[in-house]
Amino acid sequence: MTKKKDNKSPLTGINILDLTNVLSGPFATLILAELGANVIKVEKPAGDDSRRFGPFINGRSAYFISLNRGKKSIVLNLKNKKDKETFSTLLSKVDVLVDNYKPGVLEKYGFTWKYLSKKHPKLIHSKISGFGESGPYKNYPAYDIIVQAMGGLMSITGNERDNFVRVGSSIGDIAAGLYCVIGILSQIIWRKNNKRGSKLDLSMLDCQIAILENAIARFSVEKQTPYPLGTDHPSIAPFGVFKTQDSYIALAAGNDKIFGNLCCALKLSSLRTDPLFKSNLLRIKNLSSLRTKIESRLIKKSSSYWIKNLSMKKIPCSFVNNIKDLMDNPQIKDRNMILDYNERGIDELKVAGTPLKFNFIKEKKKSFKSPRLDQNRNEILKFFKIS
């Protein structure tokens, strides 16, 4: 018998004080809100910078909406004595403080970790900054493109060694946001076991290093600097995008068995026994020749033909979807990954759903709303009994 879903989210009852701006922090607190936390977004008088990022719908930033759904907004100016007192009171009532200010900003207002940990011994503080709170770069400004460049990711992205390409999604911010959530969940567990709070010092640059996959290990072993390979993989072949009669498809032969099945499906059985391609290592070494042979077959039929036939043989493959394509993808629709954002005056906006599919929560078909600037001030002060 299947237990009825109680719809109680994992972080129900956890209060988050969110001092983050633009992307890395707001992405982290968006996930926390989706997990059920009560996220109080503290904004400067002008609001989060992303409120002024396009595109706009009915005068509101779709960028801001996409990252701040399910949160409550209050404006606090820490230069103002009354607002600073309100902020101090909120600190005594929440579980987690998240900020992505440059190092030293909170300290300038007196909120050092030494002060916070003494005044609020169970408070969890998670801080994202470009380079962390130590090291020679700690005071340098950082944006996504800076950490992509400095962290080596840009050097292995694209088709040519000297034609640099930024990853299309702001992976410098996104990775930091994801690690921030992991850190906060770990801190919550640690607090439960140790009865006290803790601080997380998270660097965007560190996070870029952490997601370089095997590039560091490859360099250590091969003593050669990794370079861009287009859509190919440095350790698996064939594993990339290939041209067909009318467009392109992605193929991934992750082991010898799949490669053998691919050869049969393409009616290129001779490739299985060809001494140039008998192992994955040899296929990587002779990838240019292998690509030519595979595309000479793919070019004879359409992408639709190949996707249908290769899928039937359980060979990993896909169209190269654009954003319009993925909005209509049946798998994405079935998994409820595109949500309607319905708010007065905004009725055509779509936003991404959550990939976290728990068996104890009934999924929502519509997105939480994002707050207008300072919209929830009275509600927040009343909830936390602040006069």
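1. Basis of the note. The model is predicted, and local features are reported where pLDDT is at least 70, side-chain atom pairs count only at pLDDT 80 or more, and totals for chains, interfaces and linings use all residues. Residues are numbered from 1 along each chain as its sequence is written, and side-chain values use heavy atoms, with hydrogens and water left out.

2. Overall description. The protein chain holds 17 helices and 13 strands; helices (H or I, at least four residues) and strands (E, at least two) are DSSP runs, numbered from the N terminus. The C-alpha trace spans about 80 × 50 × 45 Å along its principal axes. Of the 387 residues, 42% count as buried; buried means under 20% relative accessible area, exposed over 50%, and partly exposed in between (1.4 Å probe, protein chains only). The accessible surface of the chain comes to about 21600 Å², and 55% of this belongs to carbon and sulfur atoms. Accessible areas come from the Shrake-Rupley method with a 1.4 Å probe, and for residues only the protein chains shown count as cover. Among contacts with a separation of 6 or more, 69% join residues 24 or more positions apart, where contact means heavy atoms within 4.5 Å.

3. The six-stranded sheet. Six strands make an open sheet with parallel pairing, in the order β5-β2-β1-β6-β7-β8; two strands pair if DSSP finds at least two bridges between them. At the edges stand β5 (71-75) and β8 (198-203), each of which pairs on one side only. From one strand to the next, the twist averages 20 degrees. Helix α3 (residues 81-91) packs on this sheet and touches β1 (15-19), β5 and β6, and its direction makes about 145 degrees with that of β1. Axes are lines fitted to C-alpha atoms, for helices over the stretch in contact, and angles run from 0 to 180 degrees between N-to-C directions.

4. Strand β1 and its neighbours. In a regular strand, side chains alternate between the two faces of the sheet. In β1, both faces are covered: Asn-15, Leu-17 and Leu-19 are buried on one side, and Ile-16 and Asp-18 on the other. Four bridges pair β1 with strand β2 (residues 38-43) in the parallel sense, and Leu-17 stands opposite Ile-40 in β2. Elsewhere in the sheet, strand β6 (residues 96-99) runs parallel to β7 and is joined to β7 by four bridges; Val-96 stands opposite Ile-124 in β7.

5. The three-stranded sheet. A further open sheet has the order β9-β10-β11 with antiparallel pairing. Strands β9 (239-243) and β11 (317-319) are at the edges with a single partner strand each, so one side of each has no neighbour in the sheet. The twist here averages 25 degrees from one strand to the next. Five bridges join β9 to strand β10 (residues 248-252), and Gly-240 stands opposite Leu-251 in β10. Helix α14 (residues 303-312) packs on the sheet, touches β10 and β11, and makes about 155 degrees with the direction of β11.

6. A nonpolar surface patch. Tyr-137, Tyr-140, Tyr-143, Ile-145, Ile-146 and Met-150 form a nonpolar patch with about 620 Å² of accessible area together. Patches are made of residues with over 30% relative accessible area and no salt bridge, with like charges joined within 9 Å and nonpolar side chains (Val, Leu, Ile, Met, Phe, Trp, Tyr) within 5 Å. Tyr-137 lies in the loop between β7 (124-129) and α6 (144-150), and is partly exposed at 37%. Ala-142 is found in the loop between β7 and α6.

7. Salt bridges. The whole structure contains 18 salt bridges, each being a side-chain nitrogen of Lys or Arg within 4 Å of a carboxyl oxygen of Asp or Glu. One of them joins Glu-379 and Lys-72 (4.0 Å, N to O). Glu-379 lies in helix α17 (residues 377-383) and Lys-72 in strand β5, so this pair ties together parts 307 residues apart in sequence. Another joins Asp-144 and Arg-166 (3.1 Å, N to O). Asp-144 is buried, with a relative accessible area of 4%, whereas Arg-166 is partly exposed at 34%.
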